[in-house]
Amino acid sequence: MRIYEVTEDIQSQLERFAEWACKQLDISSVPDINYSNDYDTVEQQRSFGHATSDGGIWIYVGDRTPADAMRTLCHELVHYKQFNEGLASDDMDEETRQGVEDVANAMAGRMLRQYGKQHAEIYSRS
């Protein structure tokens with residue numbers, strides 16, 4: 001398996017997307033986002049990204065197109081907003097957690113399609 005480095009171009013694309021997504025989600029400033037190639041964390045957490053209740057976001061970017069990483073980033077930004085608005089918490093019951101996940105999945109898909117219409121380059125690895 002080839003692991004793609006977080007090149008300056010991809011990092012720049014992700015940062016531009018994060019700014020755009022935060023505006024769309026009415027998040028006042030881009031939170032702290034850690035872009036990573038650490039696949040061990042993916043296997044351990046069984047996820048390509050996560051947001052924490054204290055405001056941190058972690059995104060796995062290795063071996064993914066920018067669009068794929070952006071969709072995960074947007075999903076986690078939705079969770080960031082949910083935590084900030086009290087709609088999500090560390091001690092959610094399973095039903096609440098599923099509802100929070102459903103909203104994040106739907107929003108991320110819609111927003112990525114909207115962004116991708118204006119930025120076809122996000123679907124390329126080069």
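In which loop is Arg64 found? Arg64 sits in the loop between strand E3 (57-60) and helix H3 (66-84). Helices (H or I, at least four residues) and strands (E, at least two) are DSSP runs, numbered from the N terminus. The model is predicted: local features need pLDDT of at least 70, side-chain atom pairs count only at pLDDT 80 or more, and totals for chains, interfaces and linings use all residues. Residues are numbered from 1 along each chain as its sequence is written, and side-chain values use heavy atoms, with hydrogens and water left out.

Arg64 is buried, at a relative accessible area of 8%. Buried means under 20% relative accessible area, exposed over 50%, and partly exposed in between (1.4 Å probe, protein chains only).

Strand E3 pairs with two strands, E1 and E2. Two strands pair if DSSP finds at least two bridges between them. E1 and E3 run parallel, joined by four bridges. Asn34 stands opposite Trp58 in E3. E2 and E3 are antiparallel, with three bridges. Here Ala51 stands opposite Ile57. E2 and E3 form a hairpin with five residues between them. Gly55 in the turn has a positive phi of about 100 degrees. Ile57 and Ile59 point one way from E3, Trp58 and Tyr60 the other way, and all are buried.
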